Amino acid sequence: MQALEAVQAVIRFCHCGKDIYCFRVPDLCPVCQQPMSFRKLDEAPVSMATPLMHGHREQCVFLLRPTRGTFLRDYDGNADLHVGITNTHGIVYNYNEQGVRRDEAGWEQSISIPLLQPNMFGLMDQWDKYLEEFSATDAWSPNRYEEHCHNCYTYALTFINYMLAAEGKHQLDKNEFTEKFVLPRTKRASKYITLYRAIEAHGFYIIDRLDSDTSLPLGNNL
């Protein structure tokens with residue numbers, strides 16, 4: 001397996017009335033070319049949260065990654081995505097033409113959607129058992145796989161609804177789950193990827209500073 005490229009932290013600071021994004025705070029301001037100084041706390045460098053998570057460090061989550069390559073290096077907004085669900089040890093259960101896979105690597109750069117509230121300890125204790133039993137049924141045998149109607153997304157959403165039913169909760173159809181949970185995160189990730197690539201190409205990404213509620217180009221956190 002090809003080694004995953006190192007992901008650099010994106011830093012934001014404010015100078016000359018600009019929001020400036022970079023990987024390393026420079027000695028001189030890229031706008032005025034003067035030595036860096038920060039007179040206000042909200043101008044000082046801060047490290048931005050990334051929407052791309054190390055999937056194998058996540059428990060009981062729904063994960064998305066490109067079917068081929070990685071988000072930062074290869075994703076163009078139209079590429080196919082592969083999805084899976086982690087157990088409590090970060091092993092990613094996912095379904096393809098080979099059947100159910102249990103990946104211990106390969107999901108280091110993923111979009112993560114938590115499936116449990118922090119206080120749901122009882123369900124977390126049973127999560128691995130439920131996930132393993134669900135994955136062992138004939139519904140997810142290799143010969144049942146069909147790219148468009150019985151695929152990785154079908155597998156993951158069916159398990160989510162299986163767990164919701166066990167809790168007596170409202171189940172979700174594909175459109176509802178996608179619009180409510182997936183699209184907001186993929187849109188935020190797309191903006192982050194654009195920002196990251198601009199910094200890689202030019203060293204900085206610079207915009208006019210707006211008020212604190214609107215200056216972040218990634219939109220609001222979920």
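A contact here means heavy atoms within 4.5 Å. Among contacts between residues at least 6 apart in sequence, 65% join residues at least 24 apart in the chain. The model is a predicted one, where local features need pLDDT of at least 70 and side-chain atom pairs count only at pLDDT 80 or more, while totals for chains, interfaces and linings use all residues. Residues are numbered from 1 along each chain as its sequence is written, and side-chain values use heavy atoms, with hydrogens and water left out.

Now for the overall layout. The chain holds four helices and nine strands, taken as DSSP runs (H or I of at least four residues for helices, E of at least two for strands) and numbered from the N terminus. In sequence order they follow the pattern β-β-β-β-α-β-β-β-β-α-α-α-β. The C-alpha trace spans about 65 × 35 × 30 Å along its principal axes. Of the 222 residues, 41% are buried; buried means under 20% relative accessible area, exposed means over 50%, and partly exposed is in between (1.4 Å probe, protein chains only). The chain exposes about 12,600 Å², with carbon and sulfur atoms supplying 49% of that area, as computed by the Shrake-Rupley method with a 1.4 Å probe. As for charge, the mean positions of the 22 positive and 28 negative charges sit 5 Å apart. In that tally Lys and Arg are positive and Asp and Glu negative, with His and the chain ends not counted, and each charge is placed at NZ of Lys, CZ of Arg, CG of Asp or CD of Glu.

Next comes the sheet. Five strands make an open sheet in the order β7-β6-β5-β4-β8, with antiparallel pairing; two strands pair if DSSP finds at least two bridges between them. β7 (99-103) and β8 (111-114) are the edge strands, and each has a single partner, so one side of each lacks a neighbour in the sheet. From one strand to the next, the twist averages 30 degrees. Angles run from 0 to 180 degrees between N-to-C directions, using axes fitted to C-alpha atoms (for helices, over the stretch in contact). β4, at residues 61-66, pairs with β8 in the antiparallel sense over four bridges, and L63 stands opposite S112 in β8.

Two helices pack on this sheet. Helix α2 (residues 121-135) touches β5 (81-86), β6 (92-96) and β7, and its direction makes about 130 degrees with that of β5. Helix α4 (residues 174-202) touches β4 and β8, with its direction at about 145 degrees to that of β8.

A few loop residues are worth a look. Most residues other than glycine have a negative phi. C16, though, has a positive phi near 55 degrees, and this residue is found in the loop between β1 (11-15) and β2 (18-22). C60 also has a positive phi, near 55 degrees, and lies in the loop between β3 (46-47) and β4. C16 is partly exposed at 39% relative accessible area, whereas C60 is buried at 1%.

Y75 sits in the loop between α1 (71-74) and β5 and counts as buried at 11% relative accessibility. Leaving out residues up to four places away in sequence, Y75 touches P66, T70, L81, S190, I193 and R197. Y75 and I193 are 118 residues apart along the chain, yet their C-alpha atoms are separated by 8.4 Å.
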